[in-house]
Amino acid sequence: MAESNATQVILTDDGMKIIKAQNTADNAASGITNLNDPNLMSVIEKQTQASQYAGLTSQYNVILKRAKEANISTTALTAAYANLNTFMAAILTDTTKASDVDRDTYKSLTDAYNTAISNVQTALNNSFNTDIDNMQSSVSVASQAASQAIVVASQAKSAGNNAISVANNASQAASNAILAGSTATVSANKASADYQTLSAGVKDGSVVHITTETVIDKGVIGTAEIANGAITNAQIGSEAVGMAQIADLAVGTAQIGDGAITNAKIGKLAVGTAQIANAAITDAKIGNINANHLTAGTIDFNTVTGKNINASNIATGTMSTDRLNVNKLSALSANLGDVTTGSLKGVDIVANTFSTPNGSFTTDKNGNVVASNLTIRGVTNLVYNAALLGGNGLYIPGWNMNGEGYYSNAVLFDGVPAITWNGDATGRWDIYATSKLQPVTQTGIPYSASIKFRDYGSASGMQYLFTIAFFSANDTNARVNSIDHWYTANGSDSGIQTFTVNNAIAPSTAKYVAIQIQAHNGKGHVAFSSAMLTQTAQSTGYQPDTGNVVSAGEIDGSVINGSTINGTTFHGGDSISDSNNTSNFYPFTIEPTGKASTTLFNSMGALRTEMSGGGLRTMYRAINSSGSQYEAYDGNFSGDMISLNSGFTNGKDMSFSQSVSGSQLTGQVLISPLNGLTLHGDTQQITFNGTSADVTPKGIIITPYGNINPNGTQNIWYVGNGPTMKTASFGIDGSGANNIQFNRSLDIGNFNINTYHTITSSDNGPIHFNRANGSSVDIFAATVNYTSLVKSSLLSVKKDVKKADTAYWAQLVNSIDLATYQYKTDDNTSHLRLSSIVDDVNVTKQWQLPDVFISRDENGKLSGVDDSVLLNATLATVQEQQKQIDQLNGHNMELEARLNKLEAKLNG
């Protein structure tokens with residue numbers, strides 16, 4: 001104990017004091033027994049548990065409400081809480097006295113509740129993550145519209161560059177149409193059976209029926225083929241050779257060999273008026289006639305087109321332009337005027353400007369194009385991005401993926417990656433990939449498609465479909481017809497196969513066409529590659545979709561209004577020229593899915609930002625490594641979460657394909673309206689740097705564990721209503737010079753410390769000062785004012801109890817040197833003090849105090865007088881003195897009796 005003041009002991013009403021002391025001691029012993037009994041819950045423990053259980057109930061109500069809102073089962077949680085609540089209610093009914101408790105049941109019920117609430121919290125977190133994923137499927141309409149508008153502008157410019165070529169093609173087509181006039185019959189009749197038989201060759205002695213659909217090749221009928229007198233009346237029926245039997249120019253010099261038909265070949269009168277119908281031999285039936293054979297008659301140039309007519313031979317009259325057939329119009333005049341009717345076909349058009357009559361399409365001499373409606377499309381493969389360029393995981397530009405198929409370049413099909421599916425479609429149809437929907441330019445025409453396929457061993461009986469699908473709108477849900485190629489798995493590796501769909505006729509309701517890949521009813525693993533879709537009746541095999549990309553030309557100072565651009569990739573600028581740009585990134589790219597991305601390379605690292613579907617992702621990848629690791633950062637921004645991740649990638653990640661997560665995550669900051677601010681990692685902290693007036697940082701740092709450290713020169717951290725109204729002030733300086741100060745009453749459980757030098761027991765219970773091991777601790781104080789001083793002296797807690805030798809203790813007390821003194825800290829108003837002295841100064845002690853009365857601290861250092869021993873030793877001295885007094889009283893009484901006798905004799 002601490003050194004005591006001078007003590008004055010007054011013993012009065014000893015019997016009552018002893019009884020009162022014994023009762024108090026008994027009560028204290030009972031309280032200590034309750035604290036040490038494991039089968040009892042003490043008053044202090046009950047009061048602590050009551051406070052904690054109130055917090056548990058509040059937590060339970062909050063979690064229960066959130067779980068019900070998220071449609072998460074709370075059956076187990078509700079049952080666990082009900083069981084625990086029943087148990088605790090019985091115990092906590094009366095918190096003023098201890099009661100029995102089954103510790104094993106208490107622990108099992110608490111563990112069951114903690115497990116149940118942890119499961120519900122995990123389910124809430126999973127539900128929250130699912131909501132993020134769902135929200136990311138939304139596409140920004142404004143961003144897509146901007147992307148589409150830019151590409152339409154680019155296409156319009158390219159169309160202008162091709163305008164003259166389009167006109168040239170139209171002119172050439174016109175020329176070809178004129179030439180086709182003489183050969184139309186031959187081309188059309190090539191599909192007939194007679195043509196096929198003749199073209200294969202006619203055996204000698206065979207009979208061939210020559211009908212109106214039959215074409216005789218050049219030189220087939222010669223003198224060797226017609227026997228003498230073979231053509232008779234019997235061979236040529238009445239009017240057998242008429243207009244219907246002789247196609248325009250069908251039998252000409254090319255079909256009949258020179259001198260093939262002689263007098264010997266034609267029977268007498270075989271071809272007469274009866275055999276040739278009226279007007280059967282028309283202009284169309286007669287080949288070239290040599291003008292030398294015209295000896296009489298009149299040629300009407302109103303109906304005959306002259307060729308190579310020498311203009312010098314035209315003496316009079318007017319020649320209209322509709323009667324002219326010249327090689328070059330420039331031969332007539334350099335100024336043709338206005339050509340208002342007719343068509344130009346099969347010719348090249350070279351002009352300064354070009355326009356349609358109503359101005360819906362114009363080009364000027366500088367190549368600028370103005371078009372009311374312009375479509376540019378690839379003419380080869382209608383599958384947009386058939387080569388799967390830019391594919392990564394579940395994302396392939398230009399393809400509609402449902403989240404189950406994915407891009408794979410693990411196995412290439414003649415150098416082309418594949419769309420791979422490795423999943424379970426038991427009991428359902430899974431359309432896991434649809435190509436970009438292309439406009440149907442004309443209904444009733446055929447389409448064909450092909451694709452390469454490999455089954456890696458899907459479950460036997462599982463089915464896969466390769467489909468040409470037609471849609472009534474630009475929406476995969478608007479399918480109106482489909483033509484399929486079916487494949488049924490047999491459980492083994494199929495090897496690489498080619499699937500084809502031919503002659504798929506576009507229905508009248510079709511507006512768009514695409515290919516689709518489907519899986520049905522089973523578990524499997526397959527790959528599809530090299531898709532091809534064309535406007536042909538028969539599939540042509542894979543060709544890259546060249547023609548879907550508009551290149552060259554530019555659009556300057558133009559505005560596109562009211563336009564929609566569908567399924568187009570837009571690149572801003574040229575591909576970034578940097579040795580680390582291994583993925584051929586552009587400074588800015590907008591993909592058909594609506595995702596917009598920017599990329600930058602510098603000497604330190606690669607930076608990329610991606611925006612899509614309500615989310616924004618920023619990435620940094622270091623170019624130089626630290627060992628085998630490359631510094632990396634990811635920032636993800638969505639409607640309900642901001643995630644800032646720091647970590648590393650394994651190897652240089654210039655394609656941004658690695659995610660800073662899992663084992664590669666070293667630090668993370670999460671900001672969420674649901675969970676607030678979450679810090680994780682060695683360097684993640686909240687730093688306050690002070691106001692603008694602070695030249696150097698000054699404030700606090702909140703660590704990942706939630707601790708508060710000083711920042712800069714900050715020495716204190718306070719809570720309050722401003723610097724002049726601090727509720728509490730905490731010293732946080734490294735020197736320890738600043739204290740912790742509370743400026744209001746402090747409640748700690750049932751313990752109150754107020755600002756009026758008072759420590760209060762709020763529930764009127766005793767205040768205990770204990771060591772960590774539960775035993776009482778020493779208290780050091782100056783003057784102590786008390787109503788009663790009680791020392792625990794229970795026999796039940798003592799051992800080696802023996803009756804004290806009061807004479808011995810009285811001798812020790814009498815050996816004590818008493819002294820009067822003042823403390824060095826006393827002032828001139830302090831009263832004179834009296835007590836024994838613990839000599840901690842002199843080696844040879846100058847003040848006598850037996851060691852048994854001296855108290856030492858836990859280190860054995862002298863600390864003062866043990867008043868407890870000294871008081872009882874004084875009591876022993878009193879007892880010993882009482883014995884002496886009693887003896888003296890006896891002697892006095894004996895002497896008084898003898899004196900009385902002596903006085904009696906003297907007076908007698």
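View 1. Asp634 is buried here, with a relative accessible area of 4%; buried means under 20%, exposed over 50%, and partly exposed in between, using a 1.4 Å probe and protein chains only. Salt bridges that share partners link Asp634 with Arg617, Arg621 and Asp653 in one network. A salt bridge here is a side-chain nitrogen of Lys or Arg within 4 Å of a carboxyl oxygen of Asp or Glu. Zoom in on the side chains of Arg621 and Asp634 and you'll find them meeting at 2.9 Å, N to O. Arg621 sits in strand S21 (residues 615–622) and Asp634 in strand S22 (residues 629–638), so this pair ties together parts that are 13 residues apart in sequence. Arg621 is buried as well, at 1% relative accessibility. Strands, by the way, are DSSP runs of E with at least two residues, helices are runs of H or I with at least four, and both are numbered from the N terminus.

A quick word on what you're looking at: this is a predicted model, where local features need pLDDT of at least 70 and side-chain atom pairs count only at pLDDT 80 or more, while totals for chains, interfaces and linings use all residues. Residues are numbered from 1 along each chain as its sequence is written, and side-chain values use heavy atoms, with hydrogens and water left out.

View 2. Since Glu45 lies in helix H2 (residues 43–69) and Arg103 in helix H4 (residues 103–135), the pair ties together parts that are 58 residues apart in sequence. Glu45 is partly exposed at 22% relative accessibility, and Arg103 is partly exposed at 29%. Glu69 is exposed, with a relative accessible area of 56%, and Lys65 is exposed at 52%.

View 3. Strand S24 (residues 665–672) and strand S25 (residues 676–681) run antiparallel and are joined by six bridges; two strands pair if DSSP finds at least two bridges between them. Look for Ser672, whose bridge partner in S25 is Gly676.

**View 4. A three-stranded open sheet.** The strand order is S3-S4-S5, with antiparallel pairing. Strand S3 (354–355) and strand S5 (369–371) are the edges, each pairing on one side only. Two bridges hold S3 to strand S4 (residues 361–363), and Phe354 stands opposite Thr363 in S4.

**View 5. Helix H8 and its buried residues.** Helix H8 (residues 867–907) has 41 residues, which should span 60 Å at 1.5 Å a residue; its end C-alpha atoms are 56 Å apart, in agreement. That expected span is 1.5 Å times one less than the number of residues. Ser868, Leu870, Ala873, Ala876, Thr877 and Glu880 are buried in H8. The helix's buried residues pack against H7 and strand S38 (862–865), where contact means heavy atoms within 4.5 Å.
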